[in-house]
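This report describes how the chains of one assembly meet. The reader is asked to view the chains together before turning to the account below.

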Amino acid sequence: MNAPKPKPSKEVDLMITCLCDTFYDQVAASTVKVLEHVGCTVQVPEAQTCCGQPAFNAGDWKAARKVIQHTLKAFSSERTVVIPSGSCNHMVQHGYPLAFEESDDLEDVISFAKRCWELADYLVNGLGVKKWPGKFDGKISLHRSCHTRGSDSYASAVQLLSSIEGLELLEFDESEQCCGFGGTFSVAYPNTSTSMGKLKIEKLTAVKPNYIGATDMACMLHMGGIASKEETPFKVMHIAQILDQALQTKEAIA
Amino acid sequence: MKTYQPIDAFARDAEPEVKASVYSTSKAKYDKRLASLSTGFTAPDDLRKLAGQIKQHTIEHLDQYLEQAVTNLENNGAKVHFASTPEDANQTILGIMQSINASRMIKSKSMVSEEIHLNAFLEKHGLESVESDLGEFIVQLDDDMPSHIVTPIIHKNRRQIATTFEKHGLGDYNDDPETITRRARKYLREKYLEAEVGLTGANFLSAESGRVAIVTNEGNARFSISANRTHIVLLGIEKLVPRDKDLALYLNLLARSATGQQLTVYTQFLNAPKSADQPDGPEQLHVVFLDNGRSEILGGEFKSILRCIRCGACLNVCPVYRQSSGHAYRAVYPGPVGAVLSPLLKSNSYPDFADLPKASSLCGACNEVCPVDIPLPELLLRHRNKSKIEHQKKAAAGTPPLGAWAELCSHPTLWKTTLATGKAMNHLPIDKMPIPPIQAWTHSRELPEFRGGKFRKWFKQRKS
Amino acid sequence: MSRSNIFQSIQQATQSIPAEAKTPLPDWKPGDLQSAFTPQDQADLWEVFKDRFIAVNGKVIEDTSEFQDILQSEPGSKLYVDPLVFQSIQPLAEGMNLEICQTFDVDHVDDYPISVTLAAGIIAETGTVIIKENQTSSRLSALAPWTHITLVDKRTTVYATLLDAISDLADDPYVVFITGPSKTADVEGILIEGVHGPGEQICLRI
């Protein structure tokens, strides 16, 4: 639908996402450190809240438009926007133009979308980072968070992670399947959603990883939530945390 | 767990045996599809997009292509009929049968015939109509409904089938699949030979030549048009492709997407009644086009659903379909395609099916496998928007209202205050709160520790 | 009545789409359907066909004695031989305790365990045998018998790809591409062959 995005700058606004703002502050902090490592100047617009996806996916596009309009205002600086979430980025790229399909503001949301980048895609395709320094000891089942479909984000994440010394990405069954979150779907369809999550966890852990990796906090929230309830916790890391942890090693510093 | 959504209740209450069978068959088909597409083609994704574009073009110019196809069919000696509603289609078919004093029909698999409930209609008029696809035959014996577009009895196991056969006088109880198949062969062979009329669907119709392409693995569509003198093709108005060569593209994609085969066993092309010197086969070819709301869909925001070629790939990959099975969708077309299409068909009432588009985590796997690249998640979202505007009760059930949340999200000061006070959540017994969405979550899931605003604080401290 | 209503409704819909928003008809070339299979010279095509026909559980016979073994497996029965292949088959089937028939009696379709008809074409890419209405003397004869044998001879066109074969459907009113024996996996996903059509699909080249 859109022409290719213009190359992004290293002057970036970080979209924290509502889930980092409420539960996953460490993911946001890691994102800052990762971006600074590649030479970015990071700012965090104070007025930001949520991208509007919960309402949009629930069908309340009127409510979603209100939140989207606020988001556009909060990020009015014209800087590149980096989002540590395939899902929020998907919302910006696809949901925003849909929600404003018949509105005079359509051009504005499209031009905003062109400034927005999911973290891994930004690093690999935006900045041309091919290899990530440092070391990470461990095997990871990287969940292909669904909203990276149709984008370069998942391939970028795989490229970055597999370039890290010591890190092994595991192959697992049913990698195309969803973790079952789906926003309000998780509470409107609690039985289906939970069964999906349990199955996903089963497939991800069957290959005995040290960590489960994800490109989205929402998947982490859902899988982590089921695991805690079942008292079978496992370690879930966002890709930003993995990249950040690799940077902390002496190999990276040296 | 308590639920307000019927499809979720199906997922909760489905017999473990049914669930296991739906899951394993769907998964096997997905895996085979993937293998056959990626070993078959260097760039399968480009082909999906090409096929999607051609179909989109076709439906956007449907008047022209339909006209062309009809002219070609009529020039070749076919009689063409149009039906606005299922009732019209049934009457047309009844009329054809009466005109030749026929009392028996043999039917090859056709989803459109399910859509118009043809069997029940003909039965009511004292006419016999026998399904010849093995799965559909079993569905008919059981007075059941197909639960999948391609594999109608994905929800049944061999023991249930053996019991059905025994009950209908098709031999003593025997659950060996080969025995079941042989008994059906013997029984149906007589039906093929007795029937005066054979009805099939159409997988594609080429406008350029009026050629109908019909595929089956069992050979039933072929037998249905070999031993009788009248062939009725029943199809939706959207089944067209512009050119004969496009058939090559779609047949390649259809077989691979549906069953992981390179090509379906019997792929047949016909564009006229039998030739004069051929002893077997139909002297009369009737083509019945059904609208049933399709032309209205064409004019609106859901038009791309008319690209669908009924391969069932979106069902096979759909995690919600895998959990709930096809009957949960309460209509002829289940799964993601059904969730978009069923509410729109003229013979269905929108309010009754308004919940279907909610039965999705919007994971997008359906779009990724669709051989004609239908943006299914986008269409599901459009339905949700429509339902919300129309206050559809069935769609709203179980979804928390988000108006107040939108207020919160568009007022940053309020947002930050909430982040600061939200820490109380860590000390409240939230799983005891009588708020349905919270209960729905906490019944099977915990929430992580609330850490509202911590990042903002960290970032500020770091800068200073 | 329905006809004009439906056309009117379709026209209304298609005309509501602005011309510039309409999807153009993409043209595509054989190369776009590029499969892992690349057509080679004619000799190779037969080999490719064989491999792929066997892969879909078809049988290929290139040796007369093997063909005769099959005929001998049904002593005393009727063998249907399409008049179009009679010349080639009759000498091989003679003296075998088989009643060779050149007409197919539709009232006794189960009396013929084996039939032999002409392969109008084969497709290498997919392992497919093509039968055409105008080169098959009776539809049922190529469908009802448990064992259906198609003869590949000089009249058989060898196509490299599915697209090639579809481009050559010509004026034949009824063309069938057969890619293996009749089969189903409706019962618990278990493969069973010989549902309504032949359980044995054989391609004979002698």
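Two residues are said to be in contact if their C-beta atoms, placed from the backbone, lie within 7 Å. The model discussed here is predicted.

By this criterion, chain A and chain B meet through 55 residues of chain A and 57 residues of chain B. Several helices of chain A supply at least two residues each to the side that touches chain B, among them H1 (18-22), H2 (25-37), H3 (53-58) and H4 (61-74). Helices H9 (185-188), H10 (190-206) and H11 (217-229) of chain A do likewise. The largest share, seven residues, is provided by H11(A).

Chain B also touches chain C: 75 residues of chain B are in contact with 59 residues of chain C. Of the two pairs of chains that touch, B and C have the most contacts between them.

Strand E9 (residues 266-270) of chain B pairs with strand E9 (residues 174-178) of chain C in the antiparallel sense, over five bridges. Within this pairing, Tyr266(B) has Ile178(C) of E9(C) as its bridge partner.

The remaining pair is chains A and C. These chains do not touch, and their nearest C-alpha atoms are 12 Å apart.

Note on methods:
Residues numbered from 1 in each chain as written. Chains lettered and ligands numbered in written order. Predicted model: local features only at pLDDT ≥ 70, side-chain atom pairs only at ≥ 80, totals over all residues. Helix = DSSP H or I, 4+ residues; strand = E, 2+ residues; numbered from the N terminus. Pairing = 2+ DSSP bridges.
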